[in-house]
Amino acid sequence: MPYLIKNGIVVDPIDETLTELDVLVDNGSIVEMAKDLTAPEAEIIDAKGCYVCPGLLDMHVHLREPGYEYKEDIESGTRAAAMGGFTAVACMPNTNPVADNAAVINHILERAARVGVTRVHPIGALTKGSQGKELTEMADLQAAGAVALSDDGQPVMDAGMMQRVMQYAGMLGLTVVSHSEDLSLTAGGLMNEGAVSTMLGLKGIPNAAEEVMVARDILLAENTGCPLHLAHISTAGSVRLIRQAKSRGVKVTAEATPHHFTLTEEAVQGYNTNAKVNPPLRRQEDVEAVKEGLKDGTIDVIATDHAPHAYHEKDVEFQYAANGLIGLETAVGLVFSQLVQPGILSVPQAIAKLASNPRQILHLSGGKLAKGGVADITIIDPNLSEVVDPAKLQSKSKNTPFIRWKLTGLPVLTMVAGKPVMQKRRLLR
Amino acid sequence: MFWQRKDLLGLKYLSVEEINLILDTAIPMKEIIGRKIKKTPTLRGRSMVTLFYENSTRTRSSFDLAAKFLSADTIGVAAASSSVAKGESLRDTGLTLNAMGVDVVVIRHPASGAAEYLAKYIPAAVINAGDGTHEHPTQGLLDMFTIREKKGSITGLKVCIVGDILHSRVARSNIWGLTKLGAEVRVVGPATLMPLDIEQMGAKVYTELTPALEGVDVVNVLRIQMERQQQGLFPSLREYSRLFGLNQARLELTKPDALVLHPGPMNRGIEIDPQVAYGSRSVINEQVTNGVAVRMALLYLLTGGEYDAISH
């Protein structure tokens, strides 16, 4: 079925332009992009006042399948993605079994083909079982469809091992996604170290726990030439280290999450387990530094670290609660409310961090709407508001600190390969 | 004034008036403890459970006696011997006790925030008897009662807390309560046992004992846990004692009538010299008596008692 997207503002994140164009889609591709298009046989999608964007890609998601389907599965996770305006997600390998071999990657891709609502790009493990001891069969993972490699959640503590990981991944041109955390500095920490952790009597995690590893991995990337992507950057010191590394030409990219550019450690007050996340929510000056990094391009990507956990894993004493929060369905609203409306990012800059930059890092095509290109499209209404209601979330888990937040700027269409999967805030399948 | 709160979770959350109400109510309670027949019918038909997830002798006995002196019925649940060992959640354990008709749950728990978490889910009154490294409000209150009784008033006093501040819920409750009542609170201990930004709670931070002790009215010595040495937080008990142990010579730095407090149990010869512990300035045993009085006051207030009814 052909679709004609009328009266929208087409966002080009690469040329940083906004142009009023109609977009005609047929057979999974963009057939034409021009002003005042007509196509009598096409279904009209009115996008007046809305941004027509290349399909968004969240490169840091935990779909929990296989192994933890009680938290999330590929179907529910991609439904959440579609609802959040994402046409594609990259899923982390900390499943059970760990995605450290081609069989698990194949399984994820087969399940995604059968039940996935959006595209799914698996990320393979760096080391077997993410134990930090032996290299995975990276070439095999790559051939099976892994788009990058990471031991997310289980940092490779041994620097020598990380060096070999980066030499080998670099040989294959695979990006290494680093969860930068020195476990000897975290040492059982539960939240950011500071006045709030002191008052609540919760063991603190210093900024250095992240920065020491960011510094180490930048040096190893410099030595090996391997492309390095630093996940979920949370501190001012990390932003400074990345900025310096980029200025001397190291192949390093970085991401920030909506919760790290929106919330501070204060969100933990009252022992709010939905604000328990790793890396932890930091201080205001760190939030400002992350925003500054997003603005000046030091931070390339906005990704959610969507980490679903079941109710009973969060409804416990704070120190026993699981780390992480869901992010797919609130990301666009937070980007527009926290970054675009205050003028920190222009719309094309925001879409670059949500669509084109992550695809470049993962060596995926797309990220720009063009005639003849794949019709993965997200339409965002910058004026539409909604209050976050846990009952309406598509994710199996409801662990978000943004419940009851009013967000403005929401996706109103998610189109994958020319087919709408979400339209007017409703899933179509 | 009347007591309004369902629970006692921490001194951070109390107003000056509420703290004074508890301390005032503890005065007649202490008088009851001094009687030959230590029993009043005040809380007859009321029940209290002590739900302890950590070992404790003194706090648990103190609550138990406080309840019994007021004629409340008491039971004790120790985590190791209950369904907790079978993996029951704190919420479910609390709901079960509540459903049995308990009026007050006294909880001690290794996780900070556990009392607050429990209080959210059960209608019964919850008293925090120590949660992780967060607060130990009844210890804070008994320390304040002891100081007030000896000094007349807390306003304007200088109080020095010595030791492992990082892991101390006693220190946190004391800082909140004492600063609210207008005392100057100093904390001193090794840099590795000093929590970040504790100044923001209103305390003055010292890493040397001598200046910290100068001119203070009260020294509160904390217990040093032996396991902190294995965790690499200080090199040896010998060095700890040499730098932060309170002995007679160091006590001379304080005001001549300064009080010495210790929440117990003591490591004699390490954080406190026996000469000081048993000396004329020590009020360590009175703290224990006052603990029962303060807990009687709390049980009374939390079950709906009014201060006027007992004081006249």
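Predicted model: local features only at pLDDT ≥ 70, side-chain atom pairs only at ≥ 80, totals over all residues.
1. Asp305(A) sits in the loop between β17 (301-302) and α11 (311-314) of chain A; helices (H or I, at least four residues) and strands (E, at least two) are DSSP runs, numbered from the N terminus. Its relative accessibility is 7%, so Asp305(A) counts as buried (under 20% relative accessible area, with exposed over 50% and partly exposed in between; 1.4 Å probe, protein chains only). Neighbours within four places in sequence aside, Asp305(A) is in contact with His60(A), His62(A), Asp152(A), His232(A), Thr257(A), His259(A), Asn278(A) and Leu325(A), where contact means heavy atoms within 4.5 Å.

2. For "binding site" (unreviewed entry), the UniProt record lists Asp152(A), His179(A) and His232(A). They span 81 residues in sequence, yet no two of their C-alpha atoms are more than 10.3 Å apart, so they gather at one spot.

3. Asp152(A) belongs to the loop between β11 (149-150) and α4 (159-172) of chain A. Asp152(A) is buried, at a relative accessible area of 5%. Beyond its neighbours within four places in sequence, the contacts of Asp152(A) include His179(A) and His232(A), as well as Asp305(A). Also among them are His60(A), His62(A), Met92(A) and Asn94(A).

4. Elsewhere in chain A, Thr118(A) lies in the loop between α2 (102-115) and β10 (119-122). This residue is buried, with 6% relative accessibility. Leaving aside neighbours within four places in sequence, its contacts include Thr78(A), Phe86(A) and Val416(A).

5. In chain B, helix α1 (residues 16-33) packs on helix α5 (residues 137-151) at an angle of about 70°, with the axes 10 Å apart. Axes are lines fitted to C-alpha atoms, for helices over the stretch in contact, and angles run from 0 to 180 degrees between N-to-C directions. The angle makes α1(B) roughly perpendicular to α5(B) (65 to 115 degrees; under 35 is roughly parallel, over 145 roughly antiparallel and the rest oblique). Residues making the contact include Ile19(B), Leu23(B) and Lys30(B) of α1(B), and Leu141(B), Phe145(B) and Arg148(B) of α5(B).

6. Helices α3 (residues 90-99) and α4 (residues 114-121) of chain B pack at about 50°, with axes 9 Å apart. This makes α3(B) oblique to α4(B). Leu90(B), Arg91(B), Gly94(B) and Leu95(B) of α3(B) meet Ala114(B), Tyr117(B), Leu118(B) and Tyr121(B) of α4(B).

7. For "domain: Aspartate/ornithine carbamoyltransferase Asp/Orn-binding" (unreviewed entry), UniProt lists residues 156-302 of chain B. Over residues 156-302 the chain is 38% helix and 14% strand, and the end C-alpha atoms are 30 Å apart. Gly264(B) is located in the loop between β9 (259-261) and α11 (274-277) of chain B, and Gly264(B) is buried at 18% relative accessibility.

How values were computed. Residues numbered from 1 in each chain as written. Chains lettered and ligands numbered in written order. Heavy atoms only, no water. UniProt positions renumbered as here; feature names shortened; annotations may be inferred.
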